[in-house]
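Please look over the chain shown here.

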Amino acid sequence: MMIQLDDVTKRFPGGQEAISGLTLSIDKGDMVFVTGHSGAGKSTLLRLIALIERPTSGQVIVGGQNTRRVKRRKIPAYRRQIGMVFQDHKLLYDRPVSENVALPLVIAGVSHREAARRVRAALDQVGLLHKEKQNPETLSAGEQQRVGIARAIVTRPKLLIADEPTGNLDPDLSLEVMRIFRRFNEVGVTLLIASHDLALIDRMGCSRIELADGKLVVEEEEDHAWQ
Amino acid sequence: MAVTRHSDAVAPVRSAGALSTWFTRHVSTSIGSLGRLFRQPFASLMIILVIAVTLAIPAALNLVIKNARSVSDGWDNALDFSVYLQRGLSESEAQGLARLIQQRADVESVQLVTASEALLEFKQQSGFGEALDQLSENPLPHTLVVRPSPANTSQSMILLQEELGNLPEADVVQVDTEWVQRFHAILDIVKQAIAIAAALLGVAIIVIIGNTIRLDIQNRREEIEVTKLIGASNAFVRRPFLWSGFWYGLFGSSLALGLVQYGLFLLEQPVARLAGLYQSGVSVLALTLAESLSLLGIGVLLGLVGSWFAAARHMRRIEPR
């Protein structure tokens, strides 16, 4: 089991519950979409997994580790094991693409030569090797998102979480991003992707979790029709 | 996925020895911070200048004290004794005594000021000339001005003073060391005052650097958030700011050193001229190597402390949202 939530509730200081009594599990090697209207708790679910938020009650277990037991000091080391992709890319525009992708390796203390090799491999996987020296600002939204994905996978995490990764992209670019995700899934990476793009999710034929008011409403198993 | 050991998640990462990784990281971070300083040359220069002036003032004042000390230490042993002889002693007896004292090893020279010479001098300088003319006899004694040899210690000076006083021909031996001691006491007080001022200026430097780093952190808030989001520790995000503080401190104190040396260079000629007038071998004492290095060290330390305060205070608050 890669991710397991056990009766998890997240209540914000105002009193409203973003997640209420949620129980679910995601197997290793799965590619799962989280859907639901905005405010349904998709983002909060991902943030609980990334330890940006802590649950008010219940257990979040990721890769066999109960996040409740991860001390504040250990959060950075915990996060380094998870690849994260964001709707707004969260790239740094004061440095070229290659340095953006290298950042997780620099944080992990990987040697220069090894890092350079891995950055090129990651950029090659998202088809942007030829743009490694450019500033991300000069790239299109789709390309920027692919840089974000390269950065998320450069440390070869076993779990990748993505919050609305195609939120700002047109259908063609969205499909391209999804195909990249699919390729990672094929080599064993577990993916959890929050999205409201139902048409795209149908095309992908992956497992789907639908949330409403912080509760699980639909759980669909993988549909192998997708090719 | 074994979450407890983060190296598992990035399992294929070959770490090139903990120490060399640590070293390489610091080298590249320090160069990165240096680059940032140079990319905003005007702002950086302003801060460095403020630090330099703030450090140079107490350093220069300390140097002034040091020089005043060394000059006045010289005076201690270059004091003349005035030996007032018994009245009624003849001029030739006084001359004989002068020759006798002259032969002592601890005496450099002896000069006889006869009673009539002293009276003449007194008449000219006091303005009581006519009143003194009314006196039937000269009230002044012959005087020997004894200059001790420079080899004397302060103890042998006291001994010499006693021995001169014990001479049967001597009436009073006068030596004015009190003002030198007073001068030294004043120097000590000024030195203390400078130390207090220097400590306050040090606090000012910490605040200046801390504030600069704080602004820098605010400007790079987004970058800090993103790096924390992808797993950077507080230590990792703090490192470039500590290096900025280090560079500010190092450049500031180097410039302070330069300012002090330049000041000395400007003073060299006037001091030489003054020394020439007094026919003394006085020359300006510069900062020693140890003093220069401690000035640099203090600058770097203040830079690090300032940036540490700012980083520790503001870094924790910046968490990914």
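Which residue is the bridge partner of A:F33 in strand 9 of chain A? That partner is A:R208.

This is a predicted model, where local features need pLDDT of at least 70, side-chain atom pairs count only at pLDDT 80 or more, and totals for chains, interfaces and linings use all residues. Residues are numbered from 1 along each chain as its sequence is written, while chains are lettered from A and ligands numbered from 1 in the order in which they are written.

**Sheet**

- Six strands of chain A form an open sheet in the order 6-7-8-3-9-10, with mixed pairing. Strands (E, at least two residues) and helices (H or I, at least four) are DSSP runs, numbered from the N terminus.
- Strand 6 (82-85) and strand 10 (215-220) of chain A are the edges, each pairing on one side only. Two strands pair if DSSP finds at least two bridges between them.
- From one strand to the next, the twist averages 20°.
- Helix 6 of chain A packs on the sheet and touches strand 3, strand 7 and strand 8 (190-194) of chain A. Its direction makes about 150° with that of strand 8 of chain A. Angles run from 0 to 180 degrees between N-to-C directions, and axes are lines fitted to C-alpha atoms, for helices over the stretch in contact.
- Strand 3 (residues 31-35) and strand 9 (residues 207-212) of chain A pair in the parallel sense over four bridges.

**Helix pair**

- The axes of helix 5 (residues 141-153) and helix 6 (residues 171-186) of chain A come within 10 Å and cross at roughly 15°. Helix 5 of chain A is therefore roughly parallel to helix 6 of chain A (angles under 35 degrees count as such).
- Helix 5 of chain A contributes A:G142, A:Q145, A:R146, A:I149 and A:I153. They meet A:L173, A:E176, A:V177, A:I180 and A:F184 in helix 6 of chain A. Contact requires C-beta atoms, placed from the backbone, within 7 Å.
- The residues of this contact divide into six nonpolar, two polar and two charged. Ala, Val, Leu, Ile, Met, Phe, Trp, Tyr, Cys and Pro count as nonpolar, Asp, Glu, Lys and Arg as charged, and the others, Gly among them, as polar.

**Domains**

- Chain A is divided into domain 1 (1-81 + 158-222) and domain 2 (93-157), with bounds from an automatic or database domain assignment.
- Their C-alpha centres lie 23 Å apart.
- The contact takes 13 residues from domain 1 of chain A and 13 residues from domain 2 of chain A.
- On the domain 1 side, helix 6 of chain A supplies the largest share, five residues.

Terms used: Angles under 35 degrees count as roughly parallel, over 145 as roughly antiparallel, 65 to 115 as roughly perpendicular and the rest as oblique. Two residues are in contact if their C-beta atoms, placed from the backbone, lie within 7 Å.
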